Amino acid sequence: MRSSKVLRISVTDRCDLRCVYCMPEEGVPLVSMAEMLTYEEIEAVARAAMAAGVRRFRLTGGEPLARRGLASLVRLLAGLGPDDLALTTNGLHLVDFAADLKAAGLMRVTVSLDTLRRDRFETITRRAGLERVFAGIAAARAAGLVPLKINTVVIRGVNDDEIADFVRFAREERVEVRFIELMPTSGLGPGCKELGSWRPALFVKGKEVRARIEEAFGPLIQAPGADGVAAIHLLDGATRLGFITPLSDPFCRGCERLRLGPDGRLRICLFDRAGVDMRKALREDKAGPAELEALIRTAFEAKADWERGALESLSSDMFRIGG
Ligand code: SAM
């Protein structure tokens with residue numbers, strides 16, 4: 001059976017957007033370059049992960065394209081022969097890098113995009129650039145980084161009036177749009193001027209998004225086969241829409257993802273605060289391939305007993321670990 005074990009690799013905590021629910025306007029304390037895993041160290045962890053059964057990698061951040069020379073990491077990882085090698089990006093720099101990334105062995109791209117309106121893009125991300133994101137999506141398609149997916153976090157009173165527009169966008173642009181429930185990550189809190197703390201009033205359940213789409217467009221049919229964390233539905237037999245429901249319908253049982261942070265911390269869940277220090281293993285303990293593999297196997301085993309905890313107690317640095 002095909003392994004669905006995934007290693008998500010956050011290559012940096014730097015980002016050139018400041019999405020109101022994710023990162024404070026003034027930024028966050030950053031991991032220094034010396035503390036960050038080098039591309040060769042990431043490759044060593046990825047190689048060990050493959051020995052432990054991982055067949056899929058996803059690069060994330062921060063903004064992964066904010067780290068210099070990302071294509072060289074892609075080349076190293078592609079050389080390991082994974083079944084899947086994907087990138088999650090805010091899309092701002094795809095215009096410049098899509099072709100190089102494809103040539104280096106990247107297979108596909110997911111672009112995070114919460115609005116299709118220019119003024120609102122600037123309100124949500126606190127930066128300009130919607131046209132560049134659209135151009136980036138086109139560049140990714142032209143480079144063959146497909147199937148293209150769009151991740152959209154739905155927030156009541158912020159962008160939930162654009163659900164129908166995103167469905168039309170999915171149909172017209174032939175992209176899969178995945179609606180994501182807003183999570184109580186560390187970007188939300190008393191310090192978040194625009195939204196404040198996570199609370200039910202901001203939250204739109206995946207089920208509600210789906211009902212609103214069906215009311216406007218007609219029935220959705222569940223797509224055959226599973227796609228990791230998203231429940232995929234088809235509209236008119238062709239347009240793919242996904243619902244990612246970490247809060248209303250958690251997918252913890254089926255989750256086979258480990259997350260490697262830019263500082264080398266390997267976490268079994270977005271909400272795992274501790275993790276395993278792979279940088280120490282590499283640099284101080286001089287762990288070789290067998291030791292790294294054993295650490296990764298142990299992390300996968302620990303997932304079986306992992307209890308996520310009550311919603312109110314959750315917080316994670318999504319901007320560092322990657323969504
Ligand atoms: N910069 C890249 C990007 O934009 O895709 C990768 C990192 S970003 C943190 C990854 C994803 O996490 C984005 O889709 C973002 O919307 C999502 N995210 C951040 N905070 C979130 C939250 N509180 N709830 C749900 N998704 C969140």
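**Briefing: backbone, helix packing and cysteines**

At 13% relative accessibility, R126 counts as buried. This is a predicted model. R126 lies in the loop between α4 (118-125) and α5. Its phi is positive, about 60 degrees, although R126 is not a glycine.

**Backbone geometry**

- Most residues other than glycine have a negative phi, and most peptide bonds are trans.
- D236 sits in the loop between β8 (231-235) and β9 (239-244).
- D236 is exposed, at a relative accessible area of 55%, whereas R126 is buried.
- The V146 to P147 peptide bond is cis, with omega near 0 degrees.
- P147 belongs to the loop between α5 (130-143) and β5 (149-154).

**Helices α2 and α3**

- Two packed helices are described by the angle between their axes and the distance between the axes.
- Helix α2 (residues 70-78) and helix α3 (residues 94-104) have axes that come within 8 Å and cross at roughly 20 degrees.
- That angle is under 35 degrees, so α2 and α3 are roughly parallel to each other.
- The crossing of α2 past α3 is right-handed.
- On the α2 side, L70, A71, V74, R75 and A78 make the contact; on the α3 side, D100, L101 and A104 do.
- By class, this contact has six nonpolar residues, two charged residues and no polar ones.

**L87 in strand β3**

- L87 is part of strand β3 (residues 84-89).
- L87 counts as buried, with 0% relative accessibility.
- Leaving out residues up to four places away in sequence, L87 touches R58, L59, P64, L65, L70, L94, L101, L106, R108, V109 and T110.
- Two of these neighbours, L70 and L101, also take part in the contact of α2 with α3.
- L87 and V74 are 13 residues apart in sequence, and their C-alpha atoms are 9.5 Å apart in space.

**Cysteines**

- A disulfide is a covalent bond between the sulfur atoms of two cysteines.
- The disulfide count here is zero.
- C19 is in no disulfide; its nearest cysteine sulfur, in C22, is 6.1 Å away.
- The cut-off is within 2.5 Å, so the sulfur of C22, at 6.1 Å from that of C19, is too far for a bond.
- C19 is buried, at 16% relative accessibility.
- C22 is buried too, with a relative accessible area of 18%.

How values were computed. Residues are numbered from 1 along each chain as its sequence is written. This is a predicted model: local features need pLDDT of at least 70, side-chain atom pairs count only at pLDDT 80 or more; totals for chains, interfaces and linings use all residues. Side-chain values use heavy atoms; hydrogens and water are left out. Axes are lines fitted to C-alpha atoms, for helices over the stretch in contact, and angles run from 0 to 180 degrees between N-to-C directions. Helices (H or I, at least four residues) and strands (E, at least two) are DSSP runs, numbered from the N terminus. Angles under 35 degrees count as roughly parallel, over 145 as roughly antiparallel, 65 to 115 as roughly perpendicular and the rest as oblique. A crossing is left-handed if the near helix is turned anticlockwise from the far one by less than a right angle, and right-handed if clockwise. Contact means heavy atoms within 4.5 Å. Ala, Val, Leu, Ile, Met, Phe, Trp, Tyr, Cys and Pro count as nonpolar, Asp, Glu, Lys and Arg as charged, and the others, Gly among them, as polar. Buried means under 20% relative accessible area, exposed over 50%, partly exposed in between (1.4 Å probe, protein chains only).
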